[in-house]
Amino acid sequence: MCLAIPVQVKEVLPDHMAKVTLDGVSKIVSTALVDDVRPGDYLVLHVGYALAKIDPEEAERTLALIREAAAMGDAA
Amino acid sequence: MKYIDEYRDGRLAKDIARQIAALADPGRSYHFMEFCGGHTHAISRYGLEDLLPANVRMIHGPGCPVCVLPIGRIDAAIALAMRPEITLCTYGDLMRVPGSNGSSLLKAKAAGADIRMVYSTLDALRIAEAELEREVVFFAIGFETTTPPTALALKAAIAKGLGNFSIFCNHVLTPAAIQNILESPDVRKLGTIKIDGFVGPAHVSTVIGTEPYEFFAGEFQKPVVVAGFEPLDVIQAILMLVRQVNDGRHEVENQYIRAVTALGNEKAQAEVANFFELRESFEWRGLGEVPYGALRLRPQYVAYDAEKRFSMVTPAAKDNPACACGAILRGVRRPTDCKLFGTVCTPDTPMGSCMVSSEGACAAHWTYGRFRERARQVDVGRAVA
């Protein structure tokens, strides 16, 4: 119910709407809750509304931390 | 799929699990509650519990809005939907939730009620615009993630002058429920369980931020790690919780930095505040009356409030006494402890709400967990033989 999915913006449409895709599936969604949406952005999508933008740098930082923790586990 | 697949690397998950095992003090046990049904689902689906050392255990909390909706609210919605002028729109999860005497929205639909499953409040609005002669009621449910979409639908209905659109509001709040788990009077009745920390729901925090948990972590001295829903997100959060417990810390940490900030989505919060206010008390299935645990429409929007507009009554209704959903939602009992589990209660014939939503603890265990248990029994059998 409360699960959201990451989608990529393909096209910004009028009235705070956008065309997004997830693995090739297209959908028209509302971007009224998020500012400055641009094509190429990744959004957290839930019940037809974008709730947040995904920050690519922070996403990379999380992966780096996960790899770091995994490397320590590997050594353990 | 970007931002999904890279967080599902099983090899990395095993390495992190080894790190958890190395850090977990063998002289103590660690009990963490994942509050959100999305985490319960991920933990079951990816078998994360099998990766954890025996002294680190996950307890499934009440964080599924469908599971915590009391039976009386379903009965009220069914009674409304049976009225000839009403079109009831709702998210798919609600359709099979059992009401009283084996009723459900799905059965009411089969009996002729105009009930339509929608993916989004945008769909409900479209129906109201297209069918002006119908009274279109949106059965609104969910935690902080689904509330802003309901607020925006209301805003759009007002802007478009849609007089035939209204909302049956059942939106609930996460921090209030977490607090209730630790301090409500029912704890004495149902028993209590040891909880050393919480995995907080990331998608809720995209809206409310991590800040609402600060008071909670300080007041109850329990660490909270707000975590994403992919398996690596969850296992990283467990590692972060083990570290906090070992250090004697009780802080709010953010694992989902890729989309969650301390303050959350302030635009969404403002839209919610415009249209909703706190209910002093709201019944949650399994948790009883939760003070300030839910929202209702502000009085100035009474014309859009289905409860007022159609004089809806919420009948007092009791769950099947054999159903252990209440204790399961609190983490006091496990799905397999319920005598209905897997006999009369399955996802095809759910008796209690924990079996209805795929994010419910019982449905997650039925779909994934029981096969693990069977595999373990076979292994033990082989070892004995």
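# Sheets and interface, term by term

Q: How do you know that strand S3 (residues 86-90) and strand S5 (residues 135-142) of chain B pair, and in which sense do they run?
A: Five bridges join S3(B) to S5(B), and strands pair if DSSP finds at least two bridges between them, so these two qualify. They run parallel, with B:Cys89 standing opposite B:Phe138 in S5(B).

Q: What sort of model is this, and what limits apply?
A: This is a predicted model, where local features need pLDDT of at least 70 and side-chain atom pairs count only at pLDDT 80 or more, while totals for chains, interfaces and linings use all residues. Residues are numbered from 1 along each chain as its sequence is written, chains are lettered from A and ligands numbered from 1 in the order written, and side-chain values use heavy atoms, leaving out hydrogens and water.

Q: What makes S4 and S6 of chain B edge strands?
A: In the open sheet S4-S3-S5-S6 (chain B), where the pairing is parallel, strand S4 (115-117) and strand S6 (165-171) each pair on one side only. As for the names, strands are DSSP runs of E (at least two residues) and helices runs of H or I (at least four), numbered from the N terminus.

Q: How do you know that helix H7 (residues 121-130) of chain B packs on this sheet?
A: H7(B) touches S3, S4, S5 and S6 of chain B, with contact meaning heavy atoms within 4.5 Å. Its direction makes about 170° with that of S5(B); axes are lines fitted to C-alpha atoms (for helices over the stretch in contact), and angles between N-to-C directions run from 0 to 180 degrees.

Q: Why do S2 and S9 of chain B each have one side without a neighbour in the sheet?
A: The order of this open, parallel sheet is S2-S1-S7-S8-S9 (chain B). Strand S2 (56-63) and strand S9 (252-254) stand at the edges with a single partner strand each, so one side of each has no neighbour in the sheet. Strand S1 (residues 30-36) pairs with S2(B) in the parallel sense over six bridges. Helix H13 (residues 231-247) of chain B lies across S1, S2, S7, S8 and S9, at about 165° to S8(B).

Q: What makes B:Glu230 and B:Arg8 a link between distant parts of the chain?
A: Their closest N and O atoms are 2.5 Å apart, which makes a salt bridge. B:Glu230 sits in the loop between S8 and H13 of chain B, and B:Arg8 in the segment before helix H1 (10-23) of chain B, 222 residues apart.

Q: How many residues of each chain are in contact, and how much area do the chains bury?
A: 41 residues of chain A are in contact with 47 of chain B. The two bury about 3900 Å², 70% of it on carbon and sulfur atoms; buried area is the accessible area (1.4 Å probe) that two parts lose on being put together, summed over both.

Methods:
A salt bridge is a side-chain nitrogen of Lys or Arg within 4 Å of a carboxyl oxygen of Asp or Glu.
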